[in-house]
Amino acid sequence: MTNSVHLASAIDSIRLSLHVFGACIWVGGQFTLAALVPLLRKVSPDAPKAAARGFNKVGWAAFAALVITGAWNMSKVPSDASAGYQRVLGAKMMIVLLSGVAAFVHTRAKTSKSIAIWGSISGLTALLAMYLGVLLAG
Ligand code: HEM
């Protein structure tokens with residue numbers, strides 16, 4: 001019986017680790033910040049905004065790293081990938097785009113209702129993009 005479980009090659013492990021590191025910050029950062037907001041508000045009404053500004057820099061750097069390493073991932077997708085794989089990849093691209101646009105609108109929103117709505121859309125689509133990525137990695 002042949003064993004199909006094998007280790008990633010050195011270069012693939014670097015490519016996927018950089019991609020997953022970006023996802024950790026983009027997804028985990030949004031959820032962690034959301035969890036800290038009520039506590040920060042108790043410290044000072046201005047504290048959530050200051051923390052969000054701090055996260056903005058690292059969050060967008062992570063998103064840029066995800067797009068760059070995502071393009072690297074795409075270059076490694078075999079040309080005979082199944083129709084299902086292609087569909088999931090296409091869906092993931094749309095969700096990634098939506099997550100980025102929602103995060104951007106969230107940073108520009110003025111009313112607390114639209115800040116909450118766009119922040120939720122950004123966080124949930126980021127989580128969905130992560131799930132679809134795991135599905136692609138097989
Ligand atoms: C333009 C942006 C992106 C592209 C083109 C892209 C593309 C891909 C591809 C093709 C894979 C499969 C890699 C492989 O099996 O060798 C993958 C894996 C993955 N992606 Fe993305 N991705 C992008 C953005 C994102 C974002 C925003 C997230 C998280 C929110 C994310 C999370 C993941 C995860 C967790 C994996 C699984 C990695 C593993 O453990 O093997 N990706 N991505």
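This is a chat about a predicted model of a helical protein.

Reader: Okay, what's the secondary structure here, how many helices and strands?
Author: The protein comes to 4 helices and 0 strands. Going along the sequence, the pattern reads α-α-α-α. Keep in mind that this is a predicted model.

Reader: And what box do the C-alpha atoms fill?
Author: Roughly 60 × 25 × 25 Å, taken along the principal axes.

Reader: How much of the protein counts as buried?
Author: 17% of the 138 residues.

Reader: What share of the contacts with a separation of 6 or more comes from residues 24 or more positions apart?
Author: Those pairs account for 70% of them.

Reader: Let's look at helix pairs. How do α1 and α2 pack?
Author: Helix α1 covers residues 10-43 and helix α2 covers residues 47-75. They pack at an angle of about 165 degrees, and their axes are 8 Å apart. Angles over 145 degrees count as roughly antiparallel, so α1 is roughly antiparallel to α2.

Reader: Is that crossing left-handed or right-handed?
Author: Left-handed. By class, the contact of α1 with α2 has 20 nonpolar, 7 polar and 2 charged residues.

Reader: What about α1 and α4, at what angle do they pack?
Author: About 145 degrees, with the axes 10 Å apart. α1 passes α4 in a left-handed crossing too.

Reader: Which residues meet there?
Author: From α1, they are A23, W26, V27, Q30, F31 and A34. On the α4 side they meet G119, S122, G123, A126, L127, M130 and G133. That contact divides into 8 nonpolar and 5 polar residues, with no charged ones.

Reader: Switching to α3: what should its span be, and what is it in the model?
Author: Helix α3 has 26 residues, 83-108, and at 1.5 Å a residue they should span 38 Å. Its end C-alpha atoms are 38 Å apart, so the two agree.

Reader: Which α3 residues are buried?
Author: I95, V96, S99, G100, A102, A103 and H106.

Reader: And what do the buried ones pack against?
Author: The buried residues of α3 pack against α2 and α4, the latter being residues 112-137.

Reader: R108 is in α3 as well; is R108 buried or exposed?
Author: R108 lies in helix α3, and R108 is exposed. The reason is the count of other C-beta atoms within 10 Å, which is 9 for R108, while 12 or fewer counts as exposed.

Reader: Last one: how far is R108 from W118?
Author: Their C-alpha atoms are separated by 9.8 Å, and the two residues are 10 residues apart along the chain.

Technical notes
Residues numbered from 1 in each chain as written. Predicted model: local features only at pLDDT ≥ 70, side-chain atom pairs only at ≥ 80, totals over all residues. Axes fitted to C-alpha atoms, helices over the stretch in contact; angles between N-to-C directions. Helix = DSSP H or I, 4+ residues; strand = E, 2+ residues; numbered from the N terminus. Parallel < 35°, antiparallel > 145°, perpendicular 65-115°, else oblique. Left-handed = near helix turned anticlockwise from the far one by under 90°. Nonpolar A, V, L, I, M, F, W, Y, C, P; charged D, E, K, R; others polar. Expected span 1.5 Å × (residues − 1). Buried ≥ 20, exposed ≤ 12 C-beta atoms within 10 Å, placed from the backbone. Contact = placed C-beta atoms within 7 Å.
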